[in-house]
Amino acid sequence: MKHYHWLILTAILIAGCSQAQPIAPTGVALPANVAGQSKLLNAGGPGTVTTSDPAPDFEYTTSNGTTKLSDLRGKIVIVNFWATWCGPCREEMPDLQKIADDSNGMIVILGINKLEEASVIAPYAKEVGVQFTLIANPSGEIPERYGVRNLPTSYIIRPDGTVGDWRLGAMDEQMIQQSIEKSR
């Protein structure tokens with residue numbers, strides 16, 4: 001009977017906390033810029049997405065609610081595929097953050113993590129000082145749909161929802177700016 005009371009108390013505490021911040025499947029509270037849930041919306045097999053193709057749509061959920069890539073039409077979106085163990089991914093994060101900071105909200109950076117849980121991403125976001133949205137996709141369905149094999153890989157999505165450019169490997173600020181200009 002005592003065990004039952006602890007279960008109820010634990011459930012109440014978790015429910016109270018989850019209203020303020022989402023909880024990762026492992027029970028770790030997530031910061032507002034980390035999406036613990038995501039899913040691919042465009043059906044279709046794995047493929048290679050290239051310039052001028054429509055960007056495969058996906059959605060992600062943060063403490064601010066659920067957003068779809070297609071909800072961001074009208075802005076340039078950089079979809080960056082990365083992992084916490086990837087050294088080049090870590091190197092480009094500050095430059096991606098600088099682009100986001102300098103854009104006055106007209107450029108959105110979405111960092112989609114390949115195959116790791118949100119509980120691993122949350123401390124990484126804090127450690128690296130990233131404020132743009134980092135998205136857990138432990139199933140790997142989103143990078144697979146985009147045809148991502150190596151990390152980092154980035155896609156620059158035009159305001160109309162098509163791919164303007166894509167880059168394999170780490171980018172610095174100048175390379176990111178060039179890809180943005182190519183995608184306008």
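Visitor: Let's look at strand S7 (residues 133–137): how many bridges join S1 to S7, and do the two run parallel or antiparallel?

Guide: Keep in mind that this is a predicted model. S1 and S7 run parallel, and two bridges join them. Pick out Val34 and you'll find its bridge partner in S7, Leu134.

Now zoom out to the sheet around that pair. It's an open sheet of six strands with mixed pairing, and the order reads S1-S7-S6-S5-S8-S9. The edges are S1 (34–35) and S9 (163–168), each pairing on one side only. Helix H3, residues 118–128, packs on this sheet and touches S1 and S7, along with strand S5 (76–82) and strand S6 (107–114). Compare directions and H3 makes about 160° with S7. Helix H5 (residues 173–183) packs on the sheet too, and its contacts are S5, S6, strand S8 (153–157) and S9. The angle between the directions of H5 and S9 is about 155°.

The structure has one cavity of 30 Å³ or more, and the largest cavity holds about 70 Å³ of space. Its lining includes Val77 and Ile157; Val77 falls within S5 (76–82), and Ile157 within S8 (153–157). Also among the lining residues are Asp57, Arg73, Lys75 and Arg158. By class, the lining divides into six nonpolar, two polar and four charged residues.

How values were computed
Residues are numbered from 1 along each chain as its sequence is written. This is a predicted model: local features need pLDDT of at least 70, side-chain atom pairs count only at pLDDT 80 or more; totals for chains, interfaces and linings use all residues. Side-chain values use heavy atoms; hydrogens and water are left out. Two strands pair if DSSP finds at least two bridges between them. Helices (H or I, at least four residues) and strands (E, at least two) are DSSP runs, numbered from the N terminus. Contact means heavy atoms within 4.5 Å. Axes are lines fitted to C-alpha atoms, for helices over the stretch in contact, and angles run from 0 to 180 degrees between N-to-C directions. On a 1 Å grid over the protein atoms alone, a cavity is a set of points where a 1.4 Å probe fits but cannot get out, and a pocket is an open set with protein on both sides within 12 Å along at least five of seven lines; lining residues have an atom within 4 Å of a point. Grid points are joined across faces, edges and corners, and a volume is the space filled by probe spheres set on the points. Ala, Val, Leu, Ile, Met, Phe, Trp, Tyr, Cys and Pro count as nonpolar, Asp, Glu, Lys and Arg as charged, and the others, Gly among them, as polar.
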